[in-house]
Structure formats: C-alpha cells, structure tokens
Amino acid sequence: MVDNVQNLSLSQVISALSYALDLTEGQPAGHSVRCCWIGMHLGKLIGLESKHIWNLYYTLLLKDAGCSSNAARLYELYGSDERQAKKDFKLVDNDSYKQMLEFVLKHTAVGGNLVAKTKHLIHIARHGEAQSTELFATRCERGADIAKRLGFNDEIADGIRYLDEHWNGNGKPYGLARDQIPINAQIALIAQVTDVFFQTGGQLAALNEVRSRKGSWFNPELVEALLSLETHEAFWKTLTKTDLENDIRGLEPEAEKIPLTQQKIDDITYAFAMIVDAKSPFTHDHSSRVADYTVKLSQCFEFSFEQQRELNRCALLHDIGKLGVSNHILDKPGKLTNEEFKQIQRHPLYSEQILQRIKPFNRIAKICGAHHEKLNGKGYPYGLKREEILFETKLITVADIFDALTAARPYRDAISVDKALSILKSECGSSIEPDIYGALIQILPQLDIR
C-alpha cells in the first residue's frame with residue numbers, strides 16, 4: 001500500500017508517469033519533463049502570475065496525455081511504425097510542402113512492397129488532410145478529457161486541447177491564431193519544438209529552428225524570451241541530465257500546490273490506464289477489466305481493503321509499458337517475427353522502470369514488471385520461478401490471461417469462456433497457480449464478460 005502519501009507530491013507522480021507518454025510519442029525518455037523545464041522558464045520570463053504558472057506546469061507535463069488515442073489510426077493511415085512517424089513528425093515544419101512530402105514518402109508502408117506503398121499513398125492523397133485534422137482533434141480532445149478526469153481545471157485542459165495550434169492560424173485541428181490560442185498552449189508548443197531539436201542537434205539547432213518559426217508557429221514574444229536564455233549555461237546543461245525530476249519539482253509554485261490523497265492516486269492510476277487502453281482498439285477497457293477481475297480474485301483470499309486498493313492500482317498500470325510498443329506490432333493480424341516478439345517482451349520491463357520513478361511505488365513496480373512470468377521459469381522478462389513471483393502478480397497474471405483470451409485480438413476472434421477456462425486449466429502448475437484458477441471459477445458469476 002502507498003501509505004507514505006505525506007512524502008509523495010502530485011508533481012512527483014505526474015512527472016514520473018509522463019515518461020510513459022514519452023514512450024508512445026517515440027521521444028527520448030524525459031521529453032515531457034524537459035518541456036516543463038523549458039516552458040516554466042518562459043512563463044516566468046513573460047511574467048505569468050503564480051496561479052497561471054501552476055496551470056502551465058501541469059499543461060507541460062500532460063501535454064501528450066491524448067497521444068495514445070490516435071496511434072492505431074496513424075498506423076492504419078501510414079501502414080508502418082507510428083512511434084517512429086510521431087517522432088519524426090515533430091521535426092517537420094508542416095508549413096513547408098517540401099518537408100511534408102518528404103515525410104509522407106519516407107514513412108508510408110515502410111518495409112512493404114510497391115503495391116502496398118502505392119495504395120497508402122493514394123489514400124493519403126485523397127483523404128490525408130481530413131484524416132490528419134481528425135487525428136489531431138482526437139489527440140487534443142482526449143488529452144483535455146484526461147486532464148479533466150484527473151481533476152485539473154479548464155485552463156490546463158485547454159492548454160492541452162490547443163497544443164498544436166500555430167500563431168499564424170495554420171495549426172490543427174481548429175485553426176486558431178494569435179491570442180485565440182491559450183498562452184500555456186503557446187508555451188507548450190515552443191517548449192516541445194525546442195526540446196526535440198535540442199535532443200537531435202543541440203542548442204544551436206534548437207534556437208535556429210525556433211527563430212525560423214517566429215511569427216508563423218510561435219508568438220514572437222515567446223521566441224525572444226527563449227533567445228534571451230541563449231547564454232544561460234545552467235538552463236541548457238539541465239536539459240542534458242538523464243534525470244531532472246528533482247529540478248522540475250522545484251519549479252512548481254509552492255503556494256499553489258494541492259494535497260495528494262489516496263483518492264487522488266486512485267484517480268491518476270485510472271486515468272493512465274485509460275491512456276494505455278486507448279492505444280489499440282483491441283485493448284479497449286482491458287486494464288479496467290483486469291483490475292476488476294484481480295480485485296475479485298483477491299477477495300477469495302481475504303485481502304484487506306488496503307491490499308485490494310494497492311492491487312487495483314497494480315492491475316490498472318500493469319500494461320503501462322505497452323505505450324512503448326508500436327501499433328504495427330500490437331495490431332498486427334499475422335504471426336509476429338522473433339524481433340517483434342522481443343519488443344512485446346520488453347513492455348513489462350518498461351512498466352517496472354516507469355513505476356520505479358515513484359519511490360513509494362517500488363512494490364507496485366515489482367508486481368507489474370512480473371505479470372508475464374510463469375511458475376516454471378519460462379516467462380518474461382526475467383524468467384522468474386514460482387517462489388520468486390509475488391502472489392499479487394500471480395493474481396494479475398490469471399486475470400490478464402483470462403481477459404486476453406475472452407476479448408478479440410487482431411489475429412483471432414474472442415474465445416468462449418469455456419474454452420478460455422480449458423486453456424487456463426491446462427496451464428495450472430506450469431504457468432499459473434491452481435488455487436487462483438479455482439478462485440476464478442468461483443468468481444465467474446460476478447464478472448461482466450462481453
């Protein structure tokens with residue numbers, strides 16, 4: 001149980017979980033917190049009041065909260081790795097027809113044959129503009145909705161909603177211009193571009209790119225504010241750190257902080273489960289169903305309320321690492337290659353690494369990181385054996401397998417409950433604990449299986 005709430009801040013939890021958002025955007029780890037570092041300095045330079053600085057802080061950390069919601073559609077549109085496409089698109093000035101054309105040609109049906117590439121290119125030529133606007137709208141609206149579900153205000157939600165609008169009105173999805181765009185959205189966009197180009201080409205590349213988009217993408221006042229930091233060595237050096245979360249937590253206005261309660265932690269875990277499940281149409285509500293099944297299983301073993309609460313959080317977040325796996329693998333209708341399966345096998349490790357960033361979540365991280373282990377030691381990512389696997393993990397594993405079997409997947413239809421139970425029974429003693437299988441049989445009448 002996360003019982004040291006007094007030692008845990010909202011900023012610590014959100015900044016740590018923002019690393020999951022970096023995964024699905026294909027960005028180097030820490031992109032969101034680096035954007036927070038950049039944007040908070042800009043906000044202070046232009047004189048934002050404390051309450052608006054606080055709103056800016058969480059806008060920056062959560063700017064990509066809707067990023068998973070368009071992943072499947074983006075994969076469908078281009079027919080290739082959407083994480084790579086997202087990463088590279090952030091280097092494109094979409095006011096430039098040449099850059100856009102080069103991007104489309106480079107990212108369409110990568111590795112496919114000429115027929116597949118031609119088919120996708122024709123579709124993009126006919127419908128690309130409309131679908132592009134739709135993809136931006138899906139991402140922006142979903143991100144704003146996540147912010148509201150987390151209890152944040154309209155200013156933060158709107159900062160996320162209008163992230164991709166440009167100063168000249170050529171942004172998406174709504175074509176807002178100049179002061180129609182909330183200031184925190186303006187700052188989030190310039191911070192994003194600054195970090196992306198800093199990571200790929202260093203300080204000079206970042207400043208040159210921002211300077212070149214002055215008056216088109218960016219508010220000239222914000223460009224000048226960033227340029228004023230050109231000789232601020234400590235500012236740029238911080239962006240090279242592999243872990244700058246302590247620096248980021250120091251930027252949150254002390255007077256505006258809100259208390260972190262157990263209920264708030266529950267709300268955060270549920271919201272991030274929604275982000276995970278939005279990545280693929282085949283995982284819709286998967287995390288919440290696994291959480292429901294897992295908690296019901298735990299009741300058969302007389303878990304206390306506090307234990308059930310922790311287990312619910314674990315189950316909700318067990319697949320957060322899947323944000324680091326491309327939809328061209330998650331949604332692939334055919335058999336995975338060995339390399340593709342290796343990428344799938346990394347997702348529990350990603351889950352563990354993300355959750356370990358929140359020190360009081362260390363136990364949750366361990367439970368989540370082992371949910372694909374088997375009693376016989378033939379699971380992944382560590383090859384743990386029965387006595388090395390926590391009982392809580394074993395509960396999640398059974399719930400996870402059962403839900404995966406009884407839900408549709410890209411390579412098969414949903415399996416009947418009876419057949420799923422037969423498969424699970426055959427795994428008793430080798431992959432799963434027989435007594436947990438027995439508990440599953442016991443709770444079946446309570447489960448809402450569609």
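Lys-44 touches Ile-53 and Leu-251, leaving aside residues up to four places away in sequence. This is a predicted model. Lys-44 sits in helix α2, which spans residues 31-45. The residue counts as partly exposed, at 47% relative accessibility. Between Lys-44 and Asp-95 there are 29 Å in space, C-alpha to C-alpha, and the two are 51 residues apart in sequence.

**A buried aspartate**

Asp-64 belongs to the loop between α3 (50-61) and α4 (71-78). Is Asp-64 buried or exposed? Its relative accessible area is 0%, so Asp-64 is buried. The side chain of Asp-64 makes a polar contact of 2.8 Å with the side chain of Lys-63. Beyond its neighbours within four places in sequence, Asp-64 is in contact with several residues, including Glu-25, His-31, Arg-139 and Gln-192.

**A surface patch**

Tyr-97, Leu-101 and Leu-105 make a nonpolar surface patch of about 350 Å². Leu-101 is placed in helix α6, residues 97-107. With a relative accessible area of 39%, Leu-101 is partly exposed.

**Helix α10**

Helix α10 covers residues 220-227, and its buried residues are Leu-222, Val-223, Ala-225, Leu-226 and Leu-227. What do the buried residues of α10 pack against? They pack against α2, α9 (183-212) and α11 (233-238). Asn-219 caps the N-terminal end of α10. A side-chain oxygen of Asn-219 lies 2.9 Å from the backbone nitrogen of Glu-221.

**Aromatic pairs**

The whole structure holds 14 aromatic pairs. Two of them are set out here.

| Pair | Ring centres apart | Angle of planes | Type |
|---|---|---|---|
| Trp-54 and Tyr-58 | 4.9 Å | 55 degrees | tilted |
| Phe-303 and Phe-391 | 6.4 Å | 35 degrees | tilted |

Trp-54 and Tyr-58 both lie in helix α3, four residues apart, or about one turn of the helix. Trp-54 is buried, at 9% relative accessible area. Tyr-58 is buried too, at 0%.

Phe-303 lies in the loop between α14 (286-300) and α15 (305-317), and Phe-391 lies in helix α20 (residues 391-406), so this pair ties together parts that are 88 residues apart in sequence. Phe-303 is buried, with a relative accessible area of 13%. Phe-391 counts as partly exposed, at 28%.

Which residues form one aromatic cluster? They are Trp-37, Phe-198, Phe-235 and Trp-236.

Notes:
Residues are numbered from 1 along each chain as its sequence is written. This is a predicted model: local features need pLDDT of at least 70, side-chain atom pairs count only at pLDDT 80 or more; totals for chains, interfaces and linings use all residues. Side-chain values use heavy atoms; hydrogens and water are left out. Helices (H or I, at least four residues) and strands (E, at least two) are DSSP runs, numbered from the N terminus. Buried means under 20% relative accessible area, exposed over 50%, partly exposed in between (1.4 Å probe, protein chains only). Contact means heavy atoms within 4.5 Å. Patches are made of residues with over 30% relative accessible area and no salt bridge: like charges are joined within 9 Å, nonpolar side chains (Val, Leu, Ile, Met, Phe, Trp, Tyr) within 5 Å. Accessible areas come from the Shrake-Rupley method with a 1.4 Å probe; for residues, only the protein chains shown count as cover. A salt bridge is a side-chain nitrogen of Lys or Arg within 4 Å of a carboxyl oxygen of Asp or Glu. A polar contact is a pair of N or O atoms within 3.5 Å; within protein, one must be able to donate a hydrogen and the other to accept it, and residues adjacent in sequence count only if both atoms are side-chain atoms. Rings of Phe, Tyr and Trp (its six-membered ring) pair if their centres lie within 6.5 Å; planes under 30 degrees apart count as stacked, over 60 as edge-to-face and the rest as tilted.
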